[in-house]
Amino acid sequence: MPGFTTRPQLRGDFGMVASTHWLASATGMSVLERGGNAFDAVVAAGFTLQVVEPHLNGPGGEVPVVFQAAGADPRVLCGQGVAPAAATIEAYGGMDRIPGSGVLAATVPGAFDAWMLLLRDHGTMTVRDVLDHAIGLAERGYPVLDRIAAAVTALRPVFSRHWAGSAALYLPHGTAPAPGSRLRNPALAATYRRIVAEAEGVGGDREEQIEAARRAWSQGFVAEAVGEFLASPVPSGTGEPQRALLTAQDMADWSASYEDPVGVAYGTHTVHKTGPWGQGPTMLQQFRLAEALGTGHDVRDGISADFVHRVAEAAKLAFADREAWYGDPDFTDVPLKELLGSDYTAGRAALVDDARASMEQRPGRIGARSPFEPPLYVPGRTPGDRTTGEPTVRDAALSNPADLRGDTCHVDVVDSFGNMVSATPSGGWLSSSPVIPDLGFPLGSRAQMFWLDPDSPNALAPRKRPRTTLSPTLVTREDGQAVLAIGTPGGDQQDQWTFTALLRILNGVDDLQEALDTPMFHTNAFPSSFHPRETVPGDLVVEPGVGEDTIADLVARGHRVQVAQPWSLGRLAAVARDPDTGELRAAADARASQGYAAGR
């Protein structure tokens, strides 16, 4: 018998788009209908997300992409910008952590170049084609979500006192926009219109136009405006002047790049993730632990206490390893082969006690190498600072359903040719940094994820990638063809919520919507990736849908259970393809009431 679903799973054979905002999904579908492929569609949807979800991402942010072009091998596109050349540990002298907001935490904005590179190499459309929807929404206005209104309301004192560019954009009449009203961003529309004009100014060749757009961003007027804005001290969220480390030259020196994904087999499928400059391999470690512990084979029957306990305990081990070993592999020797190896996994699985929840940080030892163990900070915030390290934050167990922990955006696309893309754009949200008036967007704050301890594999260094939380997922079957793209917003929780849904799908739940509607849970029992980097030992956050008996059982095992608001954990999206029949499917999480799938 099929399980409960909030919406029908979509089925068709032309194309499918699933994302965290209906306007992004509509944009992607519009591009497919006009003859574009999955890559054209995901790029256009990505730019739309920058406009309609400014509290969760923006042009100053970043994006990792995992994809497969029809007939090719899976690949990763790294749109994670690096630390500035001047970003040394000594440059943050006197600090124990990099701030969660403000220009001190800025890395090179990576999303624009990544989207353009993907369009150039795998798309078919022009710069104008993929920016058209975003420009129109920025010019005419887009509907203000409840969470946008709540974020701007909370930040109104910061905007009005310290961040004039943000006030001009988000407090157009001196007050926060009301939910359901329309908000425009004419400065961003003008920025993208100028990029289109400069692209078309080089002639009619599509690839030459894309290269001209990339230059306009990283070496032209956009980089110049960023450099001029940062040439003088910029106020932090508390009004303290900060001298940024990022420069226009940093933007000119960086470009997005391709690399092979990291993958592990699970049954007859292979799960593909980014390398350890992202947290994606934690999901791969969780799959290896699930095999060793026998977790998931009965998950079609629902979410039991045994299932939640084992998944949470395995996540604690995987995320402890994230802090101990993960970092930019261009700078640090990440023992990924060993971490995903059978012997190591068996030893880690033996640590899971089915009767008791662990309260410890237990990173694994690799040969003679000792794991890095970060300091443990208790939960808390900087007094008087309304800005946040995460786009929407703090505690999902609070009574306010809009006050969730960790969020961003996600989009998946598949077309009838077999092209499949999974992308998680984030960063540069409206609470991260003041809007640059000439451009219409703020910079990102991804450098907050670095540690200022040189012993950490994720220690800050010039031109190094921060170990990000952004974690799209692609799944292939035995013959190597892509069959599923899936992901969610959620910071540290991304590879917990997606893992729960994916474990159900790979163990026989055929309806994508049913898998996404599964009651969700996660643990915060490891150092947060976001300032102030707190750890909550034993923490387990669950939706009430897991059931009262399950919750009581988990409490009896020693978990410090927080019951979140109903339908509050995750905003999953997924698309699928059956290579044998050509049928396409899609689903989007009903949580937050804004994610939708579109397709036919």
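**Ground rules.** The model is predicted, so I took local features only at pLDDT of at least 70 and side-chain atom pairs only at pLDDT 80 or more, while totals for chains, interfaces and linings use all residues. I number residues from 1 along each chain as its sequence is written, and side-chain values use heavy atoms, with hydrogens and water left out.

**Cores.** I looked up the nonpolar cores, meaning sets of buried Ala, Val, Leu, Ile, Met, Phe, Trp, Tyr and Cys residues joined through side-chain atoms within 4.5 Å. Buried is under 20% relative accessible area, exposed is over 50%, and partly exposed is in between (1.4 Å probe, protein chains only). The largest core has 93 residues, and Phe47, Trp115 and Ile195 touch the most other members. Helix α2 (residues 38-52) gives the largest share of this core, 11 residues. Helices (H or I, at least four residues) and strands (E, at least two) are DSSP runs, numbered from the N terminus.

I then listed the contacts of Phe47 (heavy atoms within 4.5 Å). Beyond its neighbours within four places in sequence, Phe47 is in contact with Phe112, Trp115, Met116, Val130, Leu131, Ala134 and Tyr192. A second, separate core has 52 residues, including Val262 and Leu336.

**Sheet.** I traced an open sheet of 3 strands, in the order β16-β17-β18, with mixed pairing. Strands pair if DSSP finds at least two bridges between them. β16 (521-522) and β18 (560-563) are the edge strands. β17 (residues 539-542) pairs with β18 in the parallel sense over 4 bridges. Asp539 has Arg560 in β18 as its bridge partner.

**Loops.** Most residues other than glycine have a negative phi, and most peptide bonds are trans. I found a cis peptide bond between His531 and Pro532, with omega about 10 degrees. Pro532 sits in the loop between β16 and β17.

Arg463 has a positive phi, near 60 degrees. Arg463 lies in the loop between β13 (420-423) and β14 (473-477). Is Arg463 buried or partly exposed? At 45% relative accessibility, Arg463 is partly exposed.

Trp567 also has a positive phi, near 55 degrees. Its place is the loop between β18 and β19 (573-577). Trp567 is partly exposed, at 36% relative accessible area.
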